[in-house]
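Hi everyone, thanks for coming. Today I'd like us to look at one protein together, starting from the inside and then moving to its pocket.

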Amino acid sequence: MAEPESGMGENYDASALAGFLAVAVEAAKGAGEIIRKGFYQTKHVEHKGQVDLVTETDKACEELIFNYLKKHYPCHKFIGEETSAALGVFELTDEPTWIVDPLDGTTNFVHGFPFVCVSIGLTIGKVPTVGVVYNPIIEELFTGVLGQGAFFNGNPIKASSQNELIKALLVTEVGTKRDKETVNDTTNKINKLLYKVRSLRMCGSLALNFCGIACGRLDLCYEIGFGGPWDVAAGAVIVREAGGHVFDPSGGDFDLMSQRAAASNSHLKDAFIRELNKSE
């Protein structure tokens, strides 16, 4: 397990953090039921952008999760993809803050591709402290609590031990913007990195990509320009507690609010950063 980061999470004892985790898991599983039912039904889809989608299921899941969390923790703060992103204004404070993506992988959901999840993170003192990522279609639950390790369906997990970049499996996403400059920048970076790693995956959910790093299925991950903190708040805890690293693709410190994130196992971080910087 990772060394705890400094932050107000240290003011909460293990039993309090376990309580936060238990409530988050219950909320995720409740939303998971909605996703599971909706997955096999006709979807009613709205466009947030050219290729960025939102469904009735996204909205219903966020309402369920926030209602459940607010019932247990009425004084906590809340940031969610469908509410906060729609308003265009959200601020992370030192207060305990639940950061929620009710359905990460909406495009996968619309297409019936079973790589979808609920992502619920809790920050305390702006530090990601509790993370829950749940894929209800294939019944995979990832959890992490600061200083207490990371788990997959209740079993401890660790990031991979791969120490050769050329044998590493890289995951990234093309994002939702389709202007020529963004697409060219994205694909040029990928083209350069493809010569340095074994292979590439694009799975459509940053939260699950981070969990792939945490459990050793994947070795390297980066994405620039994703939706917001709801995509990474939970996954960042899980990766770090599995012994992996979360950082800015430039090599700097991870900033939850920056829409820039990278993750790796404990062996490949420096080599990965060098190649990311070369690919700029």
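This is a predicted model: local features need pLDDT of at least 70, side-chain atom pairs count only at pLDDT 80 or more; totals for chains, interfaces and linings use all residues.

Let's begin with a general idea: in soluble globular proteins, nonpolar side chains tend to be buried together. Here, the largest nonpolar core has 34 residues. Within that core, Val133, Phe210, Val232 and Ile238 have the most contacts. Which helices and strands each supply at least two residues of this core? They are β10 (169-171), α6 (206-215), α7 (233-241) and β14 (260-264). With seven residues, α6 gives the most to this core.

Now let's zoom in on phenylalanine 210. Leaving out residues up to four places away in sequence, Phe210 touches Cys221, Val232, Gly235, Ala236, Val239, Val246, Ala261, Ala262 and Ala263.

The largest pocket holds about 1,100 Å³ of space. It is lined by 41 residues, and the closest to its centre are Gly175, Thr176, Glu223, Gly225 and Phe226.

Where does this lining come from? At least two residues each are supplied by α3 (81-87), β4 (97-104), α4 (106-111), α5 (180-194) and β12 (220-224). The most come from α5, which gives four residues to the lining. And what kinds of residues line this pocket? They divide into 16 charged, 14 polar and 11 nonpolar.

Terms used: Residues are numbered from 1 along each chain as its sequence is written. Side-chain values use heavy atoms; hydrogens and water are left out. A nonpolar core is a set of buried Ala, Val, Leu, Ile, Met, Phe, Trp, Tyr and Cys residues joined through side-chain atoms within 4.5 Å. Buried means under 20% relative accessible area, exposed over 50%, partly exposed in between (1.4 Å probe, protein chains only). Contact means heavy atoms within 4.5 Å. On a 1 Å grid over the protein atoms alone, a cavity is a set of points where a 1.4 Å probe fits but cannot get out, and a pocket is an open set with protein on both sides within 12 Å along at least five of seven lines; lining residues have an atom within 4 Å of a point. Grid points are joined across faces, edges and corners, and a volume is the space filled by probe spheres set on the points. Ala, Val, Leu, Ile, Met, Phe, Trp, Tyr, Cys and Pro count as nonpolar, Asp, Glu, Lys and Arg as charged, and the others, Gly among them, as polar.
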